[in-house]
Amino acid sequence: MPSKRVVLTVAVHQARGLRTALAAATDISTFVSFQFLNERPVESVVCDAASPSYTLSRSYDLTVDEDTLNGLVNKPFTVCIWQLGVVSSERVLLGRAYIDLVPLLQGETEVNGWFPIRLCADHVENCNSEIQVRAVVSEVLLTEAEREAGLLLTFSLGSMYYTLAAQVPANLDEGKRGLSSTFDCVMRLPSSGSSAEDSPKGYFLTLRGGLRDSPRGKAGDEKRSVPRAFEETAAEREMTRVVWGLRAHAYFTHTTVARLRVNLANNAGAVVEVMRVISSSTGVDPAGVKETLQGGIDLSALAKATAFSGTCALSPLLSPTQDTEATVYLKFVISISRPLVYVPPKPKYQLSDLVQPATKEVPIRSGVDMFCDRVNEMTLRMAEQYSTMQG
């Protein structure tokens, strides 16, 4: 894929509903920050309003190649919303908003809208605050021919369910004031690299910010609609879960699609890891503690279909004194934008359309057949002359 340069501009305009999120607070002082790829984070000015206008914008000069495209979609673009403490100027991470930039790889030049803010210390369903974000590129990233030849793999993650025996930690650590825990999920696609460091960047899909949610009770209590693949059974509604409701993507050019096809044929499995990340109110992991659950997803279904859903069993977090079997699993959907076997588009005109068929079929005769016909014709003529002489 020939490289070209484009300008990506990301702007955060305003937020709404923060008064509901901070009902106990008398003063609301917030600001936002975001980070793109390996660039330094940028922050807005502090706004003292329930519906603040941040007007934070930053432009990035990008080279359009496979690494950059995967940097756009391997994980959702994240905007962090911070609150300043009432007594001191200590910043507190209020929540995050996740923006999916995959439309920029599908021919669009703009992603614009209101995106929900996920509060760090509350359940996902109870968040009514939103933030307006706009991302614009100076020109289309991929041509129509490049989109048809490439492939986009999508990993949609619903929730992780577990029984109490699994000992998955709570979202808030009791006895450790100011500390909270979220859950990150990483899917590593099979690659030809001998180690994780040798794997292409596009082979790691990351979804952050999973939040613990308590049992939901009856099905009628569910307020938000969910995809059919993520619908809960009666037993699952009695289980504790960690909610993501996000998706990540991997983009492959026509050359790396062939490599992905070979890798799936040799090892049709992806490794899934779920990590519990402990963080402080400043968003920094004070102890660097991460506890990991691991499992695998069989990707062989992609050889015959463009999408499939299922569950992924994970190794449970068991305490040293616990010897009972626990149940921990993820619900997921994996899809690809086209079949792995690339079928070139049918040409507009074919050779059969240009060649007009003959109106009458003319038999092809050999020289021997023609000689025999001539002999027969002369024999008949001689017989007619002899008959006339006899008469």
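In the predicted model, Ser159 touches Arg241, Val242, Val243, Trp244, Tyr329, Leu330 and Lys331, residues up to four places away in sequence being left out of the count. Ser159 lies in strand S10, and, because its relative accessibility is 6% and the limit for a buried residue is under 20%, Ser159 counts as buried. The strand around this residue is likewise mostly covered, since S10 spans residues 151–162 and twelve of its twelve residues are buried.

Strand S10 has pairing partners in S13 and S17. With S13, it pairs in the antiparallel sense over eleven bridges, and in this pairing Thr240 of S13 is the bridge partner of Tyr162. With S17, which comprises residues 328–336, S10 is again paired in the antiparallel sense, here over eight bridges; Tyr162 stands opposite Val328 in S17.

At the level of the whole protein chain, six helices and 17 strands are found. Of its 391 residues, 41% count as buried, while the chain exposes about 21,800 Å², of which carbon and sulfur atoms supply 53%. Among contacts between residues at least 6 apart in sequence, 71% join residues that are at least 24 apart.

A further group of strands forms an open sheet of four members, arranged in the order S4-S1-S9-S7 with antiparallel pairing. Strands S4 and S7 stand at the edges and have a single partner strand each, so that one side of each is left without a neighbour in the sheet. On average, and with direction ignored, neighbouring strands of this sheet are turned by 15° against each other. Within the sheet, S1 and S9 run antiparallel and are joined by seven bridges, and Val10 stands opposite Ala135 in S9.

For Leu141, the residues touched are Lys4, Val6, Val64, Leu69, Leu72, Leu104, Leu105 and Glu146, not counting residues up to four places away in sequence.

Helix H2 covers residues 66–73, and six of its eight residues are buried, so the helix is largely enclosed by the rest of the structure. The buried residues of H2 are Glu66, Thr68, Leu69, Asn70, Leu72 and Val73, of which Leu69 and Leu72 are touched by Leu141. These buried residues pack against strand S1 (5–16), strand S4 (53–63), strand S13 (240–252) and helix H4 (254–266).

How values were computed:
Residues numbered from 1 in each chain as written. Predicted model: local features only at pLDDT ≥ 70, side-chain atom pairs only at ≥ 80, totals over all residues. Heavy atoms only, no water. Helix = DSSP H or I, 4+ residues; strand = E, 2+ residues; numbered from the N terminus. Buried < 20%, exposed > 50% of the residue type's maximum accessible area, 1.4 Å probe, protein only. Contact = heavy atoms within 4.5 Å. Areas by Shrake-Rupley, 256 points an atom, 1.4 Å probe, with all protein chains shown as cover. Pairing = 2+ DSSP bridges. Axes fitted to C-alpha atoms, helices over the stretch in contact; angles between N-to-C directions.
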